[in-house]
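Please look over the structure shown here before reading the briefing that follows.

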Amino acid sequence: MNTRFEEIYDLALVVIQDYKLDNIYKSDPEVFYTFMRGLLTVGIPDFNGCLNDLSYNYEEIETLNEGQTIKVKRYYFNNELTSKEKSILSKIVVYNWFKGKVQDVTQFQLHLSTRDFQIKSEQANLKQKSEYLDKLKEDYLQEINEYQGANLDKLPFFGDL
């Protein structure tokens, strides 16, 4: 068995509320899947100590799009991941999505009319977002620690003692 990337996306999308992503999905699902795959694959190395191999592959499937049959790639992990592993990966996807929001150049543009108020407002907003981003990272790192703690005997280092 294997785990489809869409399973991770579904878990992440429970938390992610983004009308831009919704519109991308409605207008071009393949662009949506490519974006989500990027969030996931860039985060896979952050899941240090996963007991399952996180290598992945894809298969080409045919689907109908506006009356035409097209081939699309659907990605999957080569192993069946546990629910805990899926949860951790979905939290990493959420972290990477929010990190993109924090790093968005438009977030640094001033939007209000009074200059002093603008600068303080934007700084406070960015500070809050940065703090929340740190909290998201702490959450998934804590999940990884708990996961590894529950499986110490299965980790390569401890299993060799």
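This is a predicted model: local features need pLDDT of at least 70, side-chain atom pairs count only at pLDDT 80 or more; totals for chains, interfaces and linings use all residues.

Local features need pLDDT of at least 70 and side-chain atom pairs count only at pLDDT 80 or more, while totals for chains, interfaces and linings use all residues. Residues are numbered from 1 along each chain as its sequence is written, and side-chain values use heavy atoms, with hydrogens and water left out.

**Overall make-up**

- The protein has six helices and three strands, which are DSSP runs numbered from the N terminus (helices H or I, at least four residues; strands E, at least two).
- Read along the sequence, these elements follow the pattern β-α-α-α-β-β-α-α-α.
- Of the 161 residues in the protein, 31% are buried, a term for under 20% relative accessible area, with exposed meaning over 50% and partly exposed in between (1.4 Å probe, protein chains only).

**H1 against H4**

- On the H1 side, Glu 7, Ile 8, Leu 11 and Ala 12 meet Lys 86, Ser 87, Leu 89, Ser 90, Val 93 and Val 94 of H4, contact being heavy atoms within 4.5 Å.
- The residues of this contact divide into six nonpolar, two polar and two charged, with Ala, Val, Leu, Ile, Met, Phe, Trp, Tyr, Cys and Pro counted as nonpolar, Asp, Glu, Lys and Arg as charged, and the others, Gly among them, as polar.

**Lys 86**

- Lys 86 lies in helix H4 and counts as buried because its relative accessibility is 14%.
- Leaving aside neighbours within four places in sequence, Lys 86 is in contact with Thr 3, Glu 7, Ile 8, Leu 11, Glu 80 and Leu 81.

**The largest pocket**

- About 190 Å³ of space lies in the largest pocket; a pocket is an open set of points on a 1 Å grid over the protein atoms alone, where a 1.4 Å probe fits, with protein on both sides within 12 Å along at least five of seven lines.
- Of the 13 residues that line the largest pocket, the closest to its centre are Pro 29, Glu 30, Leu 64, Asn 65 and Ile 70, lining residues having an atom within 4 Å of a point.
- The largest share of the lining, four residues, comes from S2.

Conventions
Grid points are joined across faces, edges and corners, and a volume is the space filled by probe spheres set on the points.
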